Amino acid sequence: MKHTIFIFLMACHFFTQAQVDSTKSYTTAHIIGAAPEIDGYIDDPVWDEVDWAGGDFRQVNPDKGKPASVQTKFKILYDAKNLYVAFRCYDPEPDKIVKRMSRRDGFDGDWVEINIDSYFDKRTAFSFTSSVSGVKGDEYISNNGDNWDDSWDPIWYLKTSIDDEGWVAEIRIPLSQLRFAEKPELTWGIQVQRLFFRNQERSQWQYIPPDAAGYVHLMGEMTGIKGVKPQKQLEIQPYVVTKMERFEKEDGNPYATGRSAGADVGLDAKIGITSDITLDLTVNPDFGQVEADPSQVNLSAFELFFQERRPFFTEGNNTLNFPVSQNNGNILFYSRRIGRQPQGGVDTDASGDDTVNEFVKPNNRTTILGAAKLTGKNKKGFSWGILESATSKEYAEIDSLGSTRKEAIEPFTNYFVARGQQDIKKGNTILGGIVTGVNRNISDQQLDWLHKAAYSAGVDFLHNWSERKYYVSSKIMMSHVEGSVEAISNTQLSSERYFQRPDNDHTEHDPTRTSMSGTGGEVIIGKKSGNLISDLGLVWQSPGFELNDIGYLAQTDNISQWFWMQYRILQPKGITRWQRYNVNQWQEYDFGWRSLNEGYNLNAHAEFKNFWQSGGGVTYRVRSASNADLRGGPAITYPGMFNFWAYTGTDPRKKFHVNINPEFEIGKENYRRYAGVYLDFTLRPTNALNISVSPTFEASKNQLQYVSSPTAEGENRYIVGTIDQTTARVVFRATYMITPNLSVQYYGQPFGTSGKYSEFKSITDASAAEYAQRYISLPVSSVSLSNDRYFVDENNDGASDYSFGKPDFNFGQFRSNMVVRWEYIPGSTLFVVWTRERNGAFYDSVPGHDKYSFDFEEKGHNIFLFKFTYRFVL
């Protein structure tokens, strides 16, 4: 640890300081007379009221700081309701302008954009991107340019045209879509930047070096805004959705008749309470047009993490974001907890008659009764967000010989999140905090294993100095959960902590507890400008830390330290356009100071002058151990491991380009082998059609894959085996843009994985110094298979001492989603959706070899959905 700190401090003495230009200023004017018509032609007389700005754009890449090879000019006007911007993008070869189309926020082909810091807080901004093809892009910029959130979808207007000088974009931005203080005269931060696609050249009006420490605080300024008042936003968007399902019929099951149909209504609203406060509402939200999650088979002890895709929660999600650490993926607020699949199970044996078939009506989602999100930022630099949501009590309906009953499977639940941040000294220092709460109304005994209440809170701090070249950040968090003895006991025994581990000498399972608390924290010191940048960090999560009622926490009881350093060359040198070289070091312990992980990594990346990209890296894991892999058993130590990976991508400007990414792992003692390859083929036959095919193939062999924990003679046995696993996946996407606002998009994913187990072992000394002493192999003669269950005769006396299920698996799945999306007027959309899922076996055993196939035998489950939304702007 002390050597890492010494290296970090020494490295910070050697750097290239990013040279930042003096701040440019542009003076706009209030429109006198008629406003310009947004038609893509700058021929309205009103544009003569202001002068052109620009003509002196400089490159950000590839030749940082040099004059742009094609220049750009712009004009800005305003009236009481709107901001108007005209762009003149010069191009000596207009017939070569790349007019690629994409869905909104696709950012493909030639484009120009304006970033507006209307709060003038030097930290946040609104971005409006105009593609030459007429496709719009928009992003909310936060954290001084570290976060660009494209889920923000404001209402604005764009038209473009091409002429013999290049191309033109003309836009109108309603002031209701921006946030600013009420003052007699305003100054806003602005930036205009352009992508010259065929040269992959990005240029800016206010030059900000690519190695600068931040972005928004270095933008230019716009003055001359006088007499405008903040516009109160009021948008109401009701929806109507109809749905029809077709699936395989199951004889005798009243809930699997092969078809169903229904209709639903809901409402979204966006209300500007004041110029600084916005309220987002949703009642009975529908997420039917959302792309399906990727198929996965989970062999770990931990819950899988899936990205949020639902529009209400993705828009502005950075406002409520509070990661536990920048490295481990744990977060205090994970919006997919709201509306999740009901957590309770169903007792289908309640009748007491095993001969009676009982059927359960499917229920895959908890109903969100309503959700409200209140966000704001005042002129003193205080930004905040509050989310309040309620989900209904859910029941499972069970049919038994025509008689039905209901069992509660999810209680009525309230979710609350509040997040705030205060800018100090123009954003050089930021102090923030978060509070979350979950309260469940548990009135049914079968749900008493859930927490009745769960709370978490955190405080974060960031300070920059030396012109934001250096920074220190820290955060501290706490959690508290309450519930029945069963609920808290389950939490102690869960995969996140496994207090019952026999070698756990720093925590213990207390079956009488009715609450549990824990803490977490992180400290980072770093340098973020110049050619040399780096981070040194420490993060911890105590054994009792628990977030999973409203956050995401894979595992706790750990203390981690890491160091990362990058040397970068962000301008052409030799055969490259840019180069990056990284070094990483990390080590991890539990709270008993058991070493869990130690490793090192080197990687390098470059883009060449032919626009190909390539990179690769090697990781050496000195050792690793897991407190979870034996599912409550002792911590198991693994031998060291080497990991190698590389990638190469061809020129993305071409109509056809390819990416290839192979990866290999080699474990010491031959305990693990892995080989995988990821391919991506993208075809652009026309500007309106984009097709990509991304196959992945993985093969691995692991001698220490957990199988089961049976009991023999009152003692646990921890059984592992050698698994040979094969996984294949193909992700197919196609987007056809009929117009910039009318698209057809298809997503399809055949997936298959199979695992075969052999060479079973019983762990005897999980942390022995020698690998071979950590287990004993179960002789083939002592293991017999009957009815998909292995029976083990441990002492060879002819009687089985314990047994475990056959762990082999063979799973295949095809998921697809086709969406026709028509934004017939800005903010109002029509969706037509077809979703399909089909499951089955991934391989068939054939004498001499296995035959793999994506031709799954089960009948497909089809969902046809029609959704109509209309946004009223009042």
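Start by selecting helix 3, residues 485–493. The cover over its buried residues includes strand 27 (470–482) and strand 28 (515–527), where helices (H or I, at least four residues) and strands (E, at least two) are DSSP runs numbered from the N terminus. Which residues of helix 3 are the buried ones? They are Ala487, Ile488, Ser489, Thr491 and Gln492. Here, buried means under 20% relative accessible area, exposed means over 50%, and partly exposed is in between (1.4 Å probe, protein chains only).

A quick word on what you're looking at: this is a predicted model, where local features need pLDDT of at least 70, side-chain atom pairs count only at pLDDT 80 or more, and totals for chains, interfaces and linings use all residues. Residues are numbered from 1 along each chain as its sequence is written, and side-chain values use heavy atoms, with hydrogens and water left out.

**Zoom out**

Show the whole chain. You'll find three helices and 52 strands. The C-alpha atoms fill a box of roughly 100 × 70 × 55 Å along the principal axes.

Now colour by charge. There are 92 positive and 108 negative side chains, and the centres of the two sets lie 6 Å apart. (Lys and Arg count as positive, Asp and Glu as negative; His and the chain ends are not counted. Each charge is placed at NZ of Lys, CZ of Arg, CG of Asp or CD of Glu.)

**Into the core**

Next, select Phe74, Phe87 and Trp188. In the largest nonpolar core, which has 47 residues, these three touch the most other members. A nonpolar core is a set of buried Ala, Val, Leu, Ile, Met, Phe, Trp, Tyr and Cys residues joined through side-chain atoms within 4.5 Å. Among the elements giving two or more residues to this core are strand 5 (72–78), strand 6 (82–90) and strand 13 (185–196). Strand 6 gives the most, with six residues.

Stay on Phe74 and show its contacts (heavy atoms within 4.5 Å). Leaving out residues up to four places away in sequence, its partners include Tyr26, Trp52, Phe57, Phe87, Ile190 and Trp205. A second, separate core of 25 residues includes Phe333, Tyr415, Met516 and Ile550.

Pro62 sits in the loop between strand 4 (58–61) and strand 5.

Then try Ser466, in the loop between strand 26 (453–465) and strand 27. Its phi is near 55 degrees, a positive value in a residue other than glycine. Asp557, in the loop between strand 29 (532–541) and strand 30 (558–569), has a positive phi as well, near 60 degrees. Buried or partly exposed: what is Ser466, and what is Asp557? Ser466 is partly exposed, with a relative accessible area of 39%, whereas Asp557 counts as buried at 3%.

**Last stop**

Finish at Tyr395, in strand 22 (residues 394–400). Tyr395 is partly exposed, at 40% relative accessible area. Leaving aside neighbours within four places in sequence, Tyr395 is in contact with Asn363, Lys406, Glu407, Ala408 and Ile409.
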